[in-house]
Amino acid sequence: MKNNQWSVYTLYCVNCAAKVSGYMNPEGRIKCTCGRCGSVMVRTIRSRRHDSIEVYAPEGYGHYDDSDYIPEDEETVVI
């Protein structure tokens with residue numbers, strides 16, 4: 001950060017489109033937590049034209065394996 005000044009960085013949640021904001025840490029990363037859905041986003045500014053955003057799901061909302069998922073309201077068909 002230049003001149004040790006804090007600046008607010010604002011972006012929109014990629015999960016629910018709520019407006020979130022955060023501050024940049026000394027490593028150049030901006031960490032934001034969405035107040036609506038609980039997603040955590042870490043934005044890293046790589047260069048003038050390149051940003052990367054990592055999105056972490058809230059606790060209990062992780063990925064599941066599609067082969068193990070069987071909906072309760074549908075019948076299971078064995079072929």
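1. T44 lies in strand β4; strands here are DSSP runs of E with at least two residues, and helices runs of H or I with at least four, both numbered from the N terminus. T44 counts as buried, at 9% relative accessibility (buried is under 20% relative accessible area, exposed over 50%, partly exposed in between, using a 1.4 Å probe and protein chains only). Beyond its neighbours within four places in sequence, T44 is in contact with G28, R29, H50, D51 and S52, where contact means heavy atoms within 4.5 Å.

2. The model is predicted: local features need pLDDT of at least 70, side-chain atom pairs count only at pLDDT 80 or more, and totals for chains, interfaces and linings use all residues. Residues are numbered from 1 along each chain as its sequence is written, and side-chain values use heavy atoms, with hydrogens and water left out.

3. On confidence, pLDDT is the predictor's own score for each residue, from 0 to 100. The protein chain averages 81, and 71% of the residues score at least 70.

4. Strand β4 belongs to an open sheet of 3 strands, ordered β3-β4-β5 with antiparallel pairing; two strands pair if DSSP finds at least two bridges between them. β3 (29-33) and β5 (50-56) are the edge strands, each with a single partner, so one side of each has no neighbour in the sheet. From one strand to the next the twist averages 20 degrees, taken between N-to-C directions of lines fitted to C-alpha atoms, on a scale from 0 to 180 degrees.

5. Strand β4 (residues 40-47) pairs with β5 over 7 bridges, in the antiparallel sense. Within this pairing, R43 stands opposite I53 of β5.

6. R43 also takes part in a salt bridge with D51, with the closest N and O atoms 2.7 Å apart. A salt bridge is a side-chain nitrogen of Lys or Arg within 4 Å of a carboxyl oxygen of Asp or Glu, and the structure holds 1. R43 is buried at 18% relative accessible area, whereas D51 is partly exposed at 35%.

7. β1 and β2 form a separate point of interest. They pair in the antiparallel sense over 5 bridges, and S21 in β2 is the bridge partner of T10. Their hairpin has 6 residues between the strands, and A17 in this hairpin takes a positive phi near 70 degrees.

8. Which residues of β2 lie on its covered face, and which on the uncovered one? V20 and G22 are on the covered face, while K19, S21 and Y23 are on the uncovered face. In a regular strand, side chains alternate between the two faces of the sheet.
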